[in-house]
Amino acid sequence: MSNRATSLPLQTKASLTLAVLICMFIVASWLILRQVIMPAFDDLEMTAAKSDLKRAEMALRTDLDNLEAVTADWAPWDDIHDYVRGENPGFKRSNLVRPTLDNLGLDFMAVYALDDRPVWAQLLVDGEQQPITALGIFSPGDAAAPLLTSQDRADVHTAGYVATRLGPVLVSSRPILRSDDAGPVAGVLVMGQFLDDARLGRLRDRTEVDMYWDLDDEAAGLAAPLGSPTFEVQADGISGRKVLADIHGNALLTLHSQTPRSISGLGGQTVSLALLFLTVAGLLVTVFVWVMLRVTILKPIERLAGHMTEIRQSGNLLHRMPVQSNDEIGALAHQFDDLTGEVHNARQALLDQSFKAGKADTAAEVLHNIRNAMTPMINGLERLGRSFKVADNLRIEEATAQIADPECTHERREKFLQYIDASFRHVAGVGEAATEDLAVATSQARQIEGILADQEKFANVAPIAETLGVDEVVDEAVHVIPRGARPGVDLEILDGLDTFAVTAHRIGLLQVLGNLILNAYESIQRSKAPEGRIHIEAATETLDDQEMVRLTIRDNGGGFNENTSERIFQRGFTSKTEAETNGLGLHWCANAVASMGGRIRAESRGLGQGAEFHVLLPAAQGG
Amino acid sequence: MYTVENQEFIRVLVADDDEHVLECYRDAFGEQETTNHMKALNELAAELFDPVEDIVDQPKFDIVACNQGEDAVRQAAAAAEKGTPFDVIILDVRMPPGIDGVAAGSAIRALDPDVEIVFVTGYSDVPLEELQRRVPPPMRLHYFNKPLSFTQLADDVVTMMREH
């Protein structure tokens with residue numbers, strides 16, 4: 001297992017990142033809504049409050065203008081001009097009557113002569129006539145009286161708010177002129193309306209502004225400069241006020257407007273709803289992004305990591321990644337599969353090369369050592385032969401015959417005896433040399449035996465086992481059948497071999513399977529079966545509590561009888577002639593399979609009945 | 001080759017890392033040891049029996065043996081410097097731990113383009129074509145596989161020198 005320190009899993013990192021992002025998004029949205037959107041609503045609300053106050057003031061102004069218009073309609077009129085001058089007494093009877101005030105919407109009306117003498121006046125308070133003096137503004141000592149009743153110039157008129165004893169009023173005063181606005185001024189016409197609750201109600205109805213005015217609101221009047229509106233934002237509304245001046249230009253009354261905070265309330269609700277919507281939308285987007293990340297990236301990467309771990313643990317480089325998408329992750333998986341495939345091929349090539357190179361090196365070393373060892377042995381034996389050849393050339397028999405010859409002189413006989421003696425000593429010497437040569441030959445033979453014993457040690461080294469796909473090995477092994485012979489032999493490989501994997505030495509297994517397939521092919525050839533058939537299949541089998549994969553190679557060739565089945569895996573056994581013998585033999589196959597922790601067995605129903613060879617190998621773990 | 005008292009000598013340098021093999025070379029290329037009783041036997045045979053056919057005089061060998069490729073190159077260089085180059089140099093191919101016979105042969109060929117070089121090996125992973133390329137010319141290059149009869153090799157060397 002890897003000892004690399006593992007940080008947070010990718011999925012946790014992605015989840016935390018998304019959580020932080022959504023929190024930042026919600027906070028940012030809240031800040032934007034509160035700092036940008038809400039002040040806009042407040043500004044809008046303040047604008048509405050200003051508009052309300054303006055509309056309230058304009059409504060009062062409109063009433064005053066209307067009053068001025070009525071006054072301007074009545075004052076320049078020959079009939080009233082004549083009446084004030086005492087020349088049209090009928091005017092009073094026909095025009096200066098109560099219905100006139102009702103029709104004109106007036107609360108009071110007064111006609112003054114040029115000498116400030118009241119000619120006619122009428123005051124209605126709550127529908128009842130009252131003396132005009134009850135107002136107090138026409139009294140000689142009142143500050144308003146001169147402005148209202150002393151209009152001796154045709155181009156001067158007065159209109160505005162005036163405080164009376166009965167409350168504030170709208171008043172308009174104009175000089176009485178001829179109908180063509182020509183003088184001389186005959187007197188003054190004064191008209192007025194109370195700024196009472198009834199008027200306030202009408203103004204509220206008309207303006208739809210919650211408005212009122214205070215006459216005695218000194219604090220309000222002092223607090224606000226004359227003519228300048230002020231606004232106070234309260235919890236339930238914005239209170240606006242403006243101090244209005246009377247006809248003298250002095251502060252008279254404070255006009256109030258109350259604008260409910262419906263806009264900011266609505267804005268607050270809107271902001272809250274928007275925040276809620278953004279939060280929900282953000283959460284939904286986050287969940288969607290998280291799901292998409294998980295489905296399209298995290299899960300495939302998780303599978304890729306698991307796949308890599310599985311490959312590392314199983315060593316099966318042919319195990320394919322279960323990612324089907326064609327996006328970058330899919331391409332990555334496919335590239336990883338291609339890479340592992342290439343690594344697998346490179347590993348196989350390396351193993352093959354290493355195996356062959358190892359074999360070649362071993363063979364070269366053995367050849368070199370054995371031939372070197374054989375050289376002195378051969379030369380020793382050759383020398384031995386030469387020595388004996390020299391012994392063969394001795395003329396002992398001839399010397400013996402000469403000694404037996406009676407004509408042979410004593411001196412010559414002695415010489416022959418010396419020759420025979422020397423010959424025997426020479427033979428003895430040759431024997432001693434031969435013993436030495438044989439010792440050398442024996443020593444060299446032992447050296448050769450030692451070399452072979454060394455090879456035996458290497459032969460016992462277990463080959464490298466790896467995870468092998470059965471389909472891949474079978475596909476490679478069937479190439480032992482000559483291509484030209486394929487049409488004559490029906491090679492049937494059962495589907496689904498790719499679902500089996502075994503742990504075995506690849507080269508060894510290839511050689512075993514190749515040998516068995518070749519045997520089957522040759523058995524078919526020998527039996528001259530008209531339709532040769534080799535069937536290869538695989539299945540799982542349990543052997544001594546171990547899960548095995550059983551590979552079966554079945555042919556319809558010559559088969560074998562019961563006696564043969566007992567000896568078929570014995571050393572040296574073959575059913576072929578020497579010329580037919582190829583490959584490594586079943587004895588070798590049995591040893592090779594056993595060295596891989598497997599078994600091999602053969603079955604046949606008898607001669608001419610075909611044969612089955614079963615190779616059992618340990619199933620690969622995790623393959 | 002050189003001659004002493006009408007006896008021709010072939011100068012042979014042998015390099016092989018196996019002492020037993022070197023012994024075989026010495027045995028096959030060296031002068032046969034004649035014991036006293038052999039001398040007496042031969043004198044008696046000459047005195048008592050009719051003479052057998054004379055053996056044609058064969059050249060003898062002046063052999064120098066070493067067990068490493070570097071030694072062989074040094075010996076060859078020294079002999080060439082003295083003006084008494086070897087006629088035949090017999091090299092094993094594999095001679096660990098030093099340079100192999102091919103490298104030694106290549107170096108010797110650079111010193112002496114005329115010397116006959118013979119490779120004798122139990123196994124060589126260098127193909128003959130490669131040997132011929134590295135130790136030219138092919139007509140001065142010979143190759144034998146062990147095991148072989150060194151007596152026969154000695155005869156072959158004599159033939160080689162007669163055809164040189």
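Let's start at one residue, A:Val190. Leaving aside residues up to four places away in sequence, A:Val190 touches A:Met109, A:Ala110, A:Tyr112, A:Leu148, A:Thr149, A:Val171 and A:Ser173. Keep in mind as you look around that this is a predicted model.

**The cores of chain A**

A:Val190 belongs to the largest nonpolar core, a set of 53 residues. Together with A:Ala110, A:Ile176 and A:Leu189, A:Val190 is among the members that touch the most other members. Which helix gives this core its largest share? That is helix α1 of chain A, residues 10-74, with eight residues. There is also a second, separate core of 44 residues, and A:Val502, A:Val512, A:Phe560 and A:Ala611 are included in it.

**A glycine in a helix**

Now find A:Gly429, which sits in helix α11 of chain A, residues 410-459. In sequence, A:Gly429 and A:Ser387 are 42 residues apart, while in space their C-alpha atoms are 9.4 Å apart.

**Two helices of chain B**

Next, turn to chain B, where helix α3 (residues 69-82) packs with helix α4 (residues 101-111). Their axes are 9 Å apart and the angle is about 15°. Angles under 35 degrees count as roughly parallel, and therefore α3(B) and α4(B) are described as roughly parallel to each other. Their crossing is right-handed. On the α3(B) side, the contact is made by B:Gly69, B:Ala72, B:Val73, B:Ala76, B:Ala77 and B:Ala80. On the α4(B) side, the residues are B:Gly101, B:Ala103, B:Ala104, B:Ala107, B:Ile108 and B:Leu111.

**Where the chains meet**

Finally, look between the two chains: 27 residues of chain B are in contact with 26 residues of chain A. On the chain B side, α1 (19-29), α2 (36-48) and α6 (150-163) each supply at least two residues. Which of the helices gives the most to this side? α2(B) does, with eight residues.

| Contact | Nonpolar | Polar | Charged |
|---|---|---|---|
| α3(B) with α4(B) | 10 residues | two residues | no residues |

Definitions and conventions: Residues numbered from 1 in each chain as written. Chains lettered and ligands numbered in written order. Predicted model: local features only at pLDDT ≥ 70, side-chain atom pairs only at ≥ 80, totals over all residues. Core = buried A, V, L, I, M, F, W, Y, C linked by C-beta atoms within 7 Å. Buried ≥ 20, exposed ≤ 12 C-beta atoms within 10 Å, placed from the backbone. Helix = DSSP H or I, 4+ residues; strand = E, 2+ residues; numbered from the N terminus. Contact = placed C-beta atoms within 7 Å. Axes fitted to C-alpha atoms, helices over the stretch in contact; angles between N-to-C directions. Parallel < 35°, antiparallel > 145°, perpendicular 65-115°, else oblique. Left-handed = near helix turned anticlockwise from the far one by under 90°. Nonpolar A, V, L, I, M, F, W, Y, C, P; charged D, E, K, R; others polar.
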